[in-house]
There are 4 protein chains.
Amino acid sequence: MRMDASPDEIDGVVSRVESHGLKANPIAGAQRTAVGITGNIGVVEPGLFESLPGVLEVIQVSHPYKLVSREFRAENTTFEIGGVEIGGRDLLVVAGPCSVESFEQTLRIAELIKSSGGHLLRGGAFKPRTSPYSFQGLGVEGLKILARVREATGLPVVTEALDIDVLDDVAEYADIVQIGARNMQNYTLLRRAGQCGRPVLLKRGMNATVTELMLAAEYILDQGNEHVILCERGIRTFTDHTRNTLDVAAIPAVKRISHLPIIADPSHAAGQRDKVIPLARASVAVGADGLMVEVHDKPDEALSDGNQALLPDQFIELMEEIRLLASVLNRQVPSQASRQQP
Amino acid sequence: MRMDASPDEIDGVVSRVESHGLKANPIAGAQRTAVGITGNIGVVEPGLFESLPGVLEVIQVSHPYKLVSREFRAENTTFEIGGVEIGGRDLLVVAGPCSVESFEQTLRIAELIKSSGGHLLRGGAFKPRTSPYSFQGLGVEGLKILARVREATGLPVVTEALDIDVLDDVAEYADIVQIGARNMQNYTLLRRAGQCGRPVLLKRGMNATVTELMLAAEYILDQGNEHVILCERGIRTFTDHTRNTLDVAAIPAVKRISHLPIIADPSHAAGQRDKVIPLARASVAVGADGLMVEVHDKPDEALSDGNQALLPDQFIELMEEIRLLASVLNRQVPSQASRQQP
Amino acid sequence: MRMDASPDEIDGVVSRVESHGLKANPIAGAQRTAVGITGNIGVVEPGLFESLPGVLEVIQVSHPYKLVSREFRAENTTFEIGGVEIGGRDLLVVAGPCSVESFEQTLRIAELIKSSGGHLLRGGAFKPRTSPYSFQGLGVEGLKILARVREATGLPVVTEALDIDVLDDVAEYADIVQIGARNMQNYTLLRRAGQCGRPVLLKRGMNATVTELMLAAEYILDQGNEHVILCERGIRTFTDHTRNTLDVAAIPAVKRISHLPIIADPSHAAGQRDKVIPLARASVAVGADGLMVEVHDKPDEALSDGNQALLPDQFIELMEEIRLLASVLNRQVPSQASRQQP
Amino acid sequence: MRMDASPDEIDGVVSRVESHGLKANPIAGAQRTAVGITGNIGVVEPGLFESLPGVLEVIQVSHPYKLVSREFRAENTTFEIGGVEIGGRDLLVVAGPCSVESFEQTLRIAELIKSSGGHLLRGGAFKPRTSPYSFQGLGVEGLKILARVREATGLPVVTEALDIDVLDDVAEYADIVQIGARNMQNYTLLRRAGQCGRPVLLKRGMNATVTELMLAAEYILDQGNEHVILCERGIRTFTDHTRNTLDVAAIPAVKRISHLPIIADPSHAAGQRDKVIPLARASVAVGADGLMVEVHDKPDEALSDGNQALLPDQFIELMEEIRLLASVLNRQVPSQASRQQP
């Protein structure tokens, strides 16, 4: 309440609160009175009270998500994927080209990833592009290429479902359905992803708060799909030395409030090849459950984002570095052998 | 190029440029050499060159949009809507509740808007909500209410198409199809909106640059739909005194580079009723072609965003204030009379 | 408190609160208990409680400023300056070159400002420059030029005190001491400005919240100087179409919580001449008590920021536009005549 | 140039460029002509050309700093401090309380730091505080306490020089002079720090770009002081899960363009104790040359920022973790023994 709120104004707020079936708890302070509201299950709309006379501010003290929170489920959610127990001690490495360009290109890169110890193949068949004149991806043809490459290499596949039109196709061909950063608040797509029968890799929007990321995941869990992997991929800030600012602190922040696994995508954050490995190391060190990186053997010919793709030698170097890091962080990067059994 | 780039490295860049059918123009400076690239029609992927030895940076100097630009079309795009020539001297006023809640509520508010001189009715039937537990809108039922209220009042209707599933329904019932801020980079939806046969109101994403807004509109125009109205509704920044920061400078910035009309939505930027009128005045003064504001006669009972909705008296005050402003800005707010004739 | 906080943990928080001489008010909710803290005069350090077992979060509900707030003083602070009653109905226009370059340049521009109806002359003698190699201002020589130009034209002078070393000189020669955006949190300078015997023009830092601006002003008022004019000059965001984002909403936000006058500087926000007039109109329309703009008659030869300076014809146009706006906003731009009397 | 720029307009730009003693290089493209400007040593003011007819945009392609850049000096700057060769393989650990509160408190914490393997003692004697009513530090008394604690423990001392008034005192008592984030663009202070005869620890401003950080350091090097340590401490963004967003990518970005060492301050970025260790690990993994962290043995009684200070056990854990990380990153944390010899 305002400092000069009258007793009548305070009573007015109390009545309004009670008229909504909630409980009002006035607390008289040295300078002003506050009215605590309790009895609500979900979020209370601030608009119900903000315009009453004498009210200074309405402050939320509860968080609006449930299923994703550690208060709802204390232990980490874990599930097996590509021979990796995501959410446990294992570190997951997802790698591949930005776009699927051809069977040969995808196979070559997938073989490199497999031989270097990566666990999943990524590659865009449907590409969200800022300009209508940029390459938009091979579409269903790209999905089929990914499936053939999986057959050839054994690497499970993750690829983006750009919209609800293609979600079923993606869920048919891919092992994990990716929701891109630009679609993090595409609620229809989130709900459908919650019904698609596949694990979902949900990327944080580049202007989303951690609370909004939690709520986006809540849409998926609310449809009965608990197999969600979150992904920090950088936020938009005023800086210009990277394309986006990798918000590594979001990873322990998510870990504290949620039981869901979270990985990092240093490639999109960096936007430039030379910063990908340092950011990958930082992500593992801060506690990420894995990495998603772009790799290309001929980045100069890549149809999209070639300048952020690691070269083959760099990917091998990355795998070595994160194995070393894992060894001192009480984590591990599962090897091919352990992945053969399933 | 880097200061220490060798002649061979410069030649390497020139060869790469030429191998892509483009022309390389080396410019030797006092400290370093730059290589200008010309001959391209669209955007050149920086990745084609960024990784070559000796290259310091790839800097874009052309803009990647065409159809929306004033270089493509010098005169303002104008078209008639609700008796207003949007893009010309007229100021358009779109108003209504955040959500369509019932026929009675919507009719009451629409009559107020009409009698106060507003031109279009807004109201959400499909609501994008951060939380899956918030009210999600009445859906097609809401569209039918909007159509009935249009019949009763004569006010054309604008409402949001939340996804491609509902776009056809929205285009059937509404006069203008709105693409919301969270969907500004939902490219599938943009393309479909370009084919829907209705004018499109495209809201700027809360983390979108003006260039990205231009490119989003380009997706719509590229499908043959030239009737696009842009809308500035605030960007996400570090501040906390409003929900978003209304970027009024985006309005003259858009006017300079594009022929498309642009309006402002001060309600979503403010997030609080008491700042809506000042921001509406600022928007008109900076050169917006109109306003979109939320109005509710019982905001305390509103199912969404009640605290940012203007009260009826405030809406009347707003209309008076912008009429006065229009009179000194060489603009006008068309009255009922002038709108009756069509 | 956390949902699973034990009664002992709640008691622990209550004891800690009471051990600091404050009052603890536990409020039991449906899902969790909150503990309201009252009895404090200033701000409570969150660290005192955040680390106690069972504590989820410490949320501030009081604001940390006093002297600047409307709760402390309900009526606007007003005082006369250059024939203008700042903080009342009058609109103040401060104009001049970015830097004082010579007596002749300053005089020419000052005469233009005076004849067009501007009230105060601005001009930098000490320039804060990002690069050590840029022009740093004429120093005390510049102050003397400003004083001579004031003598010749009658226009009072505002100029920046870059540091405490030059504050006394600035206070001796200038009528208003400016604290620049980069110095908004230079607390030593703020305190000295509070003791300097001159009104202070305090610019908002480009990453400062409104609360931080309030607290910066509080430093000045706390030293007994009540003559503070605040200035919104744009904040740093991710956008690139202006140098900074003019946060016009900060103006009504400040007006609501503080009794101090606030003006706008559209020149520094825009960074480009063609957006200064639209932003100036927006600032007046949103409720600013005045404007500060850069004007130069030979901007191509300006030693700093020439591209954002209005040309003489543009300044005349600006004055005409804001006189018209003032006429419909219940405000006025005092003319020369009214300023002659004192 | 604009697409529709006339030959005369292009000639006009060429003439203007040449009139400033520079060389103009017109490059005709498919759609427009660009004019490259060469022959400049420093930065060209865009305002010189931006307003000429036909000009669309002025784009900088050179960077405005010299002494700090790797183009000027290819090898890392290294120097010895507290037994650590900063800028080389060694990792520097600076630790201590936010504020110096008493000799006993400072000594206790310093002994903990020393016995755990930290290298330098930090502690504020002059505190920059947002509110005039917060604890402002013990001043010179605090400096004397730091000096006594150094005598007792052998740990060199770093502390902030809040303004030019206290710089000499700080330089007298401290081993390294810190320039705080709020003062990163306090140019007078930077210059004096360049003359103070002590190494300088320069913190990045919370809204500073990497280029601006480079230029701030340039001010210090330009005065002949090459012993500058940069410090990333988080930037201000829209997020709310940490106080500031630790921009770990700034560290490899600085390393690429500058020869100066750079450390990270995870305490101020986090704002909460539980995220300090993860962010410290990320900083070391990304390539920082060291860490600065806050430690307090009685954080609940701390006079400032107690909730971000590590507890003694946590500091010991941090030292163990970074020793392990160093072992796999080809770096080392020098031990007491190696530091005894000087």
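Two residues are taken to be in contact if their C-beta atoms, placed from the backbone, lie within 7 Å. On that basis, among the contacts in chain A between residues at least 6 apart in sequence, 64% join residues at least 24 apart. The model is predicted, so that local features need pLDDT of at least 70 and side-chain atom pairs count only at pLDDT 80 or more, whereas totals for chains, interfaces and linings use all residues. Residues are numbered from 1 along each chain as its sequence is written, while chains are lettered from A and ligands numbered from 1 in the order in which they are written.

**Chain A**

Chain A has twelve helices and twelve strands, where helices (H or I, at least four residues) and strands (E, at least two) are DSSP runs numbered from the N terminus. The C-alpha atoms of chain A fill a box of roughly 75 × 45 × 40 Å along the principal axes, and of its 342 residues 58% count as buried. A residue is called buried if 20 or more other C-beta atoms, placed from the backbone, lie within 10 Å of its own, exposed if 12 or fewer do, and partly exposed in between. The domain assignment, whose bounds come from an automatic or database source, gives chain A a domain 1 (7-50) and a domain 2 (79-340); the centres of these two domains, taken over C-alpha atoms, are separated by 45 Å.

**Contacts between chains**

The contact between chains A and D takes 35 residues from chain A and 35 residues from chain D. On the side of chain A that touches chain D, two or more residues each come from α8 (250-257), α9 (266-270), α10 (276-286) and α11 (312-328) of chain A, and α10(A) gives the most, with seven residues.

In the contact between chains D and C, 40 residues of chain D meet 40 residues of chain C. Here α2 (47-50), α5 (164-173), α6 (187-194) and α7 (210-221) of chain D each supply at least two residues of the side that touches chain C, with α7(D) giving the most, at four residues.

**Relation of chains D and C**

Two copies of a chain are related by a rotation about an axis and a shift along it. Chain D can be laid on chain C with an RMSD of 0.1 Å by a turn of 180° and a shift of 0.1 Å along the axis, the superposition being by least squares on the C-alpha atoms of residues with pLDDT of at least 70 in both copies. The two copies are therefore related as by a two-fold rotation axis. In chain D, the C-alpha nearest this axis is that of Asn207(D), 3.1 Å from it. The same surface serves both copies, for 100% of the contact residues of chain D recur in chain C.

Most residues other than glycine have a negative phi. Asn330(A), although not a glycine, has a positive phi of about 60°; Asn330(A) lies in the loop between α11 and α12 (336-340) of chain A and is exposed, with 8 other C-beta atoms within 10 Å. In chain B, Asn330(B) likewise has a positive phi of about 60°, and its place is the loop between α11 (312-328) and α12 (336-340) of that chain. Asn330(B) counts as exposed because it has 8 C-beta neighbours inside 10 Å.
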